[in-house]
Amino acid sequence: MSQPETGQIANVMQEERLFPPSEEFSAAARIGSREQYDALCERAKQDPEGFWGELGQQELHWFEPFTKVLEQQGSDFSWFPGGKTNVCYNCLDANIEAGNGDRTAIIWEGEPGDTRTLTYLGLHREVCKFANVLKSLGVGVGDVVSIYMPMTPELAIAMLACARIGAIHSVIFAGFSAGAIADRNNDAKAVVQLTSDGLFRRGKVLPLKETVDEALEQSATVGKCIVLRRAENEVSMTPGRDFWWHELMAEAAEDCPAEPLDSEADLFILYTSGSTGKPKGIRHAAAGYNLWTKMTFQWVFDWRPDDLYWCTADCGWITGHSYIVYGPLSCGATVFMYEGAPNHPAPDRFWEMIERHKLTILYTAPTAIRAFIKWGDEHVDKHDLSSLRLLGTVGEGINPEAWIWYHEKIGNKKCPIVDTWWQTETGGIMMSPLPGVTATKPGSCTTALPGVVPVILDESLMPVSPGQGGMLCIDKPWPGMLRGIWGDHDRYLDQYWAKVPGKYLTGDNARIDQDGYYWIMGRIDDVINVSGHRLSTIEVESAIVSHDSVAEAAAVGRPDDLKGQAIAVFVSVKGAEPSEELRQELKQHVRKEIGALAVPDDIRFTDALPKTRSGKIMRRLLRDIAAGKETAGDTSTLEDLSVLAKLQSNQE
Ligand code: WT7
């Protein structure tokens, strides 16, 4: 391992395997050759405004044309100013006008096994009716609608209905607590709440309305609440405030023209905390976001009209916004949507649905992939997954071991894998293989999409040399970028633009290898500094997870008098019992995989790791536990508090 330069992050991961797309895949792909891809990138680089202007013109419907492509004032950006468009129109009406009204937009399956199919025309009708429902409750342009709903078609209908009338949606994942909903409602000044009686999760009913009732006691700005009947559980309805979805829909007219809206009108707010700090409402603007999700959906997923595409995310996250609703629908895609848990009624639920519906594209998260590996191959082996042609991952780095499993077991070695790097803030995918072009390397998100200009800087803001890690920034604006933090513009400027003037600071560390491939090394805050060597969490974790007995691992630094920081690793095992012997074996394993420097000082066995509700490991909490401190700070985004309690009571 080479000695890192000052302030840079050591690269300890060696991954030499290369997986080029098959000739067959490339031949049929939208972008199937390096020349085609390079030409796009070159055009975007030479003339970004010409490039985006042309695409904006071509891909979106304009009620009034934009007068400029990009306007910049300091760190504030406007895309397509002067223009008027409507994202819902672009998703629905435009596809219907193109003659695709009878194409299936959504194939939905509930956890109990009930299914529904909506064509573009059918979806349009539902959306228009619900838009009229919202209007009848007084919702108009610029009003914030808070959505706390199960993964049903109505969730997408609600989002699109808001977009149609210029209301701003704030979707809150339906696993959050009453307190978390109220905080978000108050911050956003939401006027209407949408929810359901309950939702199905692992065969049980979660009483959403009950949680909302509690949240609304503390949400002063919310005057009305619309309740979808889903789980048929008993709920209490407050007269004058609460309305049944189906009753309002029964009265609603089907005609509701899309409101021509400014390009820069807020489309939605989405609260994100990542793994640290107070949640912030990330603002996305209509036109730029729409264009970004539409283009990236085509480029990265090589989408074709006959694809049956499944993104397993929840609409409560940006992945669901961008790659269940807005990206795919604005292309006219057929989207599969699933309500429930991946292991209900059995751990083969995903594979069973892929086989039965003959799905062709699967986009999921590394955390899910690691769970499937833990549950055992027999659940996969039962099913014919030959309909799949493309796989994707998102949300965190994927350990090479998990990547190989995904490639072999799910993709049968024939499906390209797109490891997509992006953030709530970026609106859509920024770095990813193009499946018909890029030879992939397990664990690397490979290269930037056309128009995305990443740079990696050290602490003195100088570009690092290849192989060295540093802060990942984006040098040029892109249409899908966030426009601000709701109600706190200073925090936006401070967090993303202050440290590195003129560049967007992602908050991630990354390195670029000798082939120009990018490797994300985790959040800047998560770096472990052992005797002056800055190690990235993902590399230590990948080494540990490559041991046969390890299902999942999280590495953090804890204070150490001698070395500055020592490495503590939290490990959940598979097919083995925690033991001192295994602990020693894992240390040896890391020594072999990375070197003595990265050998963990502590290895703690645990059944489960504390995760955010979107599946990200909360290293902040683990750092406290490793240091023997009381855990401090916000835990409202933690998925399962009992995991934390167990870890704390397991202190060695
Ligand atoms: C953070 C963003 C992207 C939508 C869902 C999460 C990490 C995301 C990857 C990837 C390595 C990744 C980064 C990023 N991340 N994708 N392919 N490889 N890391 O959105 O909650 O805003 O989180 O997730 O650290 O900054 P988010």
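Trainee: Which loop holds P345, and how should I read the element names there?

Mentor: P345 has its place in the loop between β17 (334-338) and α13 (349-357), where helices (H or I, at least four residues) and strands (E, at least two) are DSSP runs numbered from the N terminus. The model is a predicted one, in which local features need pLDDT of at least 70 and side-chain atom pairs count only at pLDDT 80 or more, while totals for chains, interfaces and linings use all residues. Residues are numbered from 1 along each chain as its sequence is written, and side-chain values use heavy atoms, with hydrogens and water left out.

Trainee: What kind of peptide bond joins H344 and P345?

Mentor: The bond between H344 and P345 is cis, with omega at about 0°. Another backbone feature belongs to E232, which has a positive phi of about 60° although it is not a glycine, and which lies in the loop between β11 (224-228) and β12 (242-244).

Trainee: How many residues surround the ligand, and which are the closest?

Mentor: The ligand is surrounded by 16 residues, the closest being D419, T420, Q423, T424 and D508; a residue is near the ligand if one of its heavy atoms lies within 4 Å of it. By class, the shell divides into five nonpolar, six polar and five charged residues, with Ala, Val, Leu, Ile, Met, Phe, Trp, Tyr, Cys and Pro taken as nonpolar, Asp, Glu, Lys and Arg as charged, and the others, Gly among them, as polar.

Trainee: Which backbone atom lies 2.8 Å from a nitrogen atom of the ligand?

Mentor: It is a backbone N or O atom of T420, while a backbone N or O atom of G395 lies 3.2 Å from a ligand oxygen atom, and one of E396 lies 3.5 Å from a ligand nitrogen atom. The protein covers 90% of the 550 Å² of accessible area (Shrake-Rupley method, 1.4 Å probe) that the ligand has on its own. The elements giving two or more residues to the shell are α12 (318-331), β20 (417-420) and β25 (518-523).

Terms used: Polar contact = N/O pair within 3.5 Å; in protein donor to acceptor, adjacent residues only side chain to side chain.
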